[in-house]
Amino acid sequence: MLIGLPFLWLGMFFLLPLAIVAAISLAESADAIPPFRQLVEATAAGVENHATFANYLELAEGCLRVYAASLGNAALATVLCLLIGYPMAFAIARAPGVWRHLLLFFVMLPFWTSFLIRVYAWIALLQPTGLINRLLLASGLIEAPVPLLYNGFSVQLGLVYSYLPFMILPLYGSLARLDETLVEAASDLGARPWRIFAQVILPLTLPGIAAGSLLVFIPAVGEFVIPDLLGGPGTLMIGKLLWQEFFDNIDWPAASAVAVALVIVLSVPLLLAQRFLARAQAP
Amino acid sequence: MTRRSSAFRIAALALGFALLYLPIAVLVAYSFNASRLVTIWGGFSTRWYLALLDNEKYRTAALTSLEVAVMAASLALVLGACAGLAMNRFPRFRGRALFGFILLAPLVVPEVILGLSLLLLFVAAQSWLGWPASRGIATVTIAHATFAACFVSVLVRAQLAGFDRSLEEAALDLGARPLSVLWRITLPGISPALVSGWLLAFTMSLDDLVIASFVSGPSATTLPMAVYSSVRIGVSPEINALATVFLAVVVAMVALAGWVMARQERRRVAATATRVLP
């Protein structure tokens with residue numbers, strides 16, 4: 001009963017839908033409701049097969065760039081999150097007791113508030129008449145407003161901003177578990193702080209780094225809201241491509257092919273994530 | 001620790017939190033702006049909050065979202081608690097690896113994939129089984145419960161990992177039935193995870209735009225869908241007010257949950273102490 005109920009539910013509402021997506025990605029788009037042709041049709045002449053790889057061929061021809069751009073954006077966001085998040089997690093782990101809980105609470109808090117609205121808030125900050133540009137103008141650093149919005153910069157900023165807490169939490173987890181005596185031993189033996197960090201702390205927190213990186217990277221590859229609200233016409237992201245195929249072009253088979261290709265691209269990081277996350281929450 | 005390294009740590013925190021809170025602070029500040037222009041300060045005013053109260057579209061959408069969120073969170077709580085208990089209590093069973101995978105995958109799989117796949121399932125189910133007859137509150141609830149259950153199971157598993165099994169064993173030795181041990185010892189013992197799991201599922205459902213946009217129909221518009229449709233047109237001060245209200249409600253809920261749990265913990269400690277020390 002304990003196993004059966006959630007297993008059945010997730011099988012029905014997670015695995016089965018993925019199988020249906022895979023099936024429909026082979027269908028032909030059609031002007032009907034729902035807007036695709038059945039894969040197999042029984043006619044007077046016998047069973048007709050309509051399965052086709054055309055959607056994938058189209059995808060390979062036209063959209064490889066989108067996949068490359070999404071992976072690149074997500075990878076850069078992961079590195080930036082790591083560079084900002086590691087010192088933060090380190091500082092939180094070293095903070096005195098009451099402060100530690102308070103700081104962790106404030107890392108979590110944005111996660112509890114509306115994602116859509118947090119992304120939207122950047123529009124007012126980044127637009128040509130926005131706060132950042134006006135501050136820069138007032139300080140005399142620039143003479144005309146710089147384009148900060150609707151380009152690659154704003155998308156990257158949005159990704160880092162939104163996914164930073166996902167990086168900090170697992171990093172904090174592994175830094176808090178770090179055995180202080182090892183650091184002390186290294187320091188007593190005369191190691192410089194930088195060397196202690198590179199040879200003791202960093203290797204011991206690798207599982208946290210891996211877990212945090214995957215928690216940022218995987219969802220960032222398929223992100224839709226950020227490129228849609230902060231990106232410009234030149235912004236290419238898979239999540240947006242899927243959304244456009246589905247809602248704007250009403251081409252469900254093409255959208256399904258985009259989804260299947262995305263799952264395939266993400267399968268390696270997904271399996272890695274499964275390993276690291278399962279280890280983080282064992283038994 | 002040297003002074004230089006502690007200065008570095010304070011700088012890292014200040015910078016990081018500035019990034020996390022700058023947009024939220026600006027949003028809250030401009031929600032009290034009298035001017036319609038979102039970038040120019042025109043004096044203090046609460047007019048956007050009054051405008052929000054009059055807005056029929058947001059009111060209906062908020063009610064729809066609340067309805068979905070309460071149902072989805074409750075469903076997710078049951079599913080996630082069962083899954084968490086199963087993973088903790090049964091170290092091996094057929095398909096455990098697969099089960100573990102489908103419990104963790106929805107945490108990271110992009111929302112567009114979850115949304116599209118569930119929509120195609122509902123469409124297929126409609127043509128084969130005739131259910132669901134139309135998409136709306138029910139389908140959004142099912143979709144939200146599915147991915148939120150995975151988050152609940154993570155919290156439940158984490159709490160169970162630090163749970164003292166000797167209490168359960170003692171109760172079983174004293175002749176309690178397994179079901180009453182579950183009800184009277186295990187579930188109260190993991191209640192912090194259950195409370196925070198429900199709250200997390202609730203806020204995630206309230207917050208979701210992408211999945212709801214796929215699986216909902218014309219009959220149900222959730223609050224994020226309503227917000228998205230106006231945000232796409234441009235920035236509006238009403239949305240700032242809505243965001244501030246949302247933020248205040250969430251902070252109040254989280255604080256309340258923390259306070260209730262702390263009080264329960266104090267009571268439990270006090271009760272144990274009086275029993276031990278007559």
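Q: What makes a set of residues a nonpolar core, and which residues touch the most other members here?

A: A nonpolar core is a set of buried Ala, Val, Leu, Ile, Met, Phe, Trp, Tyr and Cys residues joined through C-beta atoms within 7 Å, where a residue is buried if 20 or more other C-beta atoms, placed from the backbone, lie within 10 Å of its own. This is a predicted model, in which local features need pLDDT of at least 70 and side-chain atom pairs count only at pLDDT 80 or more, while totals for chains, interfaces and linings use all residues. Residues are numbered from 1 along each chain as its sequence is written, and chains are lettered from A in the order in which they are written. The largest nonpolar core has 166 residues, of which V258(A), A76(B), L116(B) and A201(B) touch the most other members; α3(B) gives the most to this core, with 16 residues.

Q: Which residues does L116(B) touch?

A: Two residues are in contact if their C-beta atoms, placed from the backbone, lie within 7 Å. Leaving aside residues up to four places away in sequence, L116(B) touches F214(B) as well as V21(A), L242(A), F246(A), A255(A), S256(A) and A259(A).

Q: How many residues of chain B are in contact with chain A, and which element gives the most?

A: In chain B, 65 residues are in contact with 71 residues of chain A. Helices are DSSP runs (H or I, at least four residues) numbered from the N terminus, and α1(B) gives the most to this side, with 13 residues.

Q: How much of chain B is buried?

A: Of its 278 residues, 42% count as buried.

Notes: Helices (H or I, at least four residues) and strands (E, at least two) are DSSP runs, numbered from the N terminus. A residue is buried if 20 or more other C-beta atoms lie within 10 Å of its own, exposed if 12 or fewer, and partly exposed in between; C-beta atoms are placed from the backbone.
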